[in-house]
Amino acid sequence: MLALQKYALGAGNVRVADVDRPKPEPDGVLIRVKACGICGTDIHIYRDDTFPFQPPVILGHEVAGVIEELGERVSGWSVGDAVISETYYYTCGECIYCKTGRANLCEARYSIGSGTNGAMAEYVKVPAKNLHPIPQGISFVEAALTEPLTCCVHGVFEKADLKPGDAVLLSGPGAIGLLCLQVVKLFDCRVVVTGTRKDGDRLALARELGADLTLYAEDADTPQRVKAFYGGPTTAFECSGAVPATEFCLRALPKGGRYVQIGLPATPTPIELNLVALKELVITGAFATKPVWWLKTVDLMGAGKINLKKLITDTYKLSDWEKGFQDHISGAGIKHVFDLDPVL
Ligand SMILES: [Zn+2]
Ligand SMILES: [Zn+2]
């Protein structure tokens, strides 16, 4: 089968390779991949900058497809079922994190697309316990956004304490920011979204998706306008990973405010801890997601609460992978997805 493979350590070293089609494990299934999102993780592995992986490995973890083959011990699923898959291929089940439902923090965890073969391929094998049905009315390409959405659901539902009418600051209107925005709006909060001058189209989409106000971070009056927004935001979600955005959010928050880091900064971020002490800010972060949030996410998608379609600006075949990766890196468009039906 054809697959996008990171074949060695170091920057680059990615190619479309013809590899053996996998066999499902006894407790697993083989998925014929229909769509797979391009994520920051794939780019980190492509560049070999921060994210750990085991080459040779097939990239991609944001998978939607249909079951092609069942392992001998699998029940409750049928060949042809349209599915999405959670991404953790292995968690130990024994550590304190696994035992308390925080498998995202398991030290032994590894996932498809980094620790084992992923879904930028014709087929991927996954444990059957990872499967969820694709809700009615959701296309495969849209369903490929389930994993990033569930990361946002984890961050917003669990790491903040939002009440109706709260003012919220959301920094960074990329795919993750625009998904977080929609999750925050479920709480009937008022949201101001900030971006840079190159985010004009993304900020327009943010307004369409429910942002009450959008501002350019570079404008001189933006800090004042954020502070004045419905009495000041009680919570800031930093979704860009951009270093200056952190300080901006910490300064914008009033006393007692809460800062949630969602974006992954590529470089160390200096923090003025003075602000944290003087204002008694709470700083926290959200990494990946927990199994429990997948159910919530699939429910929200099925209930039509999240607009995924608007975020998908570009689709690619496997042979166009370099363009897809470059578009992601340059920030052209919003969400980039491999439409692998057919692969080429
Ligand atoms: Zn992802
Ligand atoms: Zn564990």
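Reader: Which residues of helix α6 are buried?
Author: This is a predicted model. In it, the buried residues of α6 (residues 200-208) are Arg202, Leu203, Leu205 and Ala206.

Reader: Where do they sit around the helix axis?
Author: They cover an arc of only 160° around the axis, which puts them on the same side of α6. An α-helix has 3.6 residues a turn, so residues three or four places apart point the same way.

Reader: What does the face turned away from the buried side carry?
Author: That face of α6 carries the exposed residues Asp201 and Glu208.

Reader: And what do the buried residues of α6 pack against?
Author: Three elements: α5 (175-185), β12 (190-195) and β13 (213-216).

Reader: What comes just after α6?
Author: Gly210 does, with a positive phi of about 120°.

Reader: New topic, the metals. Which residues are the protein donors of the zinc ion (ligand 1)?
Author: Cys39 gives its SG, His61 its NE2, and Glu62 and Glu147 each an OE. They lie 2.2 to 2.5 Å from the zinc ion (ligand 1).

Reader: How are the donor residues of ligand 1 spaced in sequence?
Author: The spacing is C-x21-H-E-x84-E. Cys39 lies in the loop between β3 (28-37) and α1 (40-47), and Glu62 is in strand β5 (residues 62-70), so the pair ties together parts that are 23 residues apart in sequence.

Reader: Are Cys39 and Glu62 buried or exposed?
Author: Both Cys39 and Glu62 are buried.

Reader: What about the zinc ion (ligand 2), which residues coordinate it?
Author: Cys92, Cys95, Cys98 and Cys106, each through SG. The distances are 2.3 to 2.4 Å.

Reader: What arrangement do the four donor atoms around ligand 2 make?
Author: Tetrahedral, because they subtend angles of 102 to 119°.

Reader: And the spacing of those donor residues in sequence, what is it?
Author: For the zinc ion (ligand 2) it reads C-x2-C-x2-C-x7-C. Cys92 lies in the loop between β7 (88-90) and α2 (96-99), and Cys106 in the loop between α2 and β8 (110-111), so the pair ties together parts that are 14 residues apart in sequence.

Reader: Which is Cys106, buried or exposed?
Author: Cys106 counts as buried, at 6% relative accessibility. Cys92 is partly exposed, with a relative accessible area of 23%.

Reader: What is Leu145 in contact with?
Author: Leaving aside neighbours within four places in sequence, Leu145 is in contact with Leu308, Leu311, Ile312, Lys335 and Val337.

Reader: Last one, the open sheet of three strands. What order do they have?
Author: The order is β2-β1-β4, with antiparallel pairing. β2 (14-18) and β4 (57-58) stand at the edges, each with a single partner strand, so one side of each is left without a neighbour in the sheet.

Reader: How many bridges join β1 and β2?
Author: Five, with β1 (residues 2-6) pairing with β2 in the antiparallel sense. In β2, Val16 is the bridge partner of Leu4.

Methods. Residues numbered from 1 in each chain as written. Chains lettered and ligands numbered in written order. Predicted model: local features only at pLDDT ≥ 70, side-chain atom pairs only at ≥ 80, totals over all residues. Heavy atoms only, no water. Donors = N, O, S within 2.8 Å, 3.2 Å for Na, K, Ca; no water. Helix = DSSP H or I, 4+ residues; strand = E, 2+ residues; numbered from the N terminus. Buried < 20%, exposed > 50% of the residue type's maximum accessible area, 1.4 Å probe, protein only. Arc of directions from axis to C-beta. Contact = heavy atoms within 4.5 Å. Tetrahedral: all angles 85-135°; square planar, octahedral: opposite > 155°, others 65-115°. Pairing = 2+ DSSP bridges.
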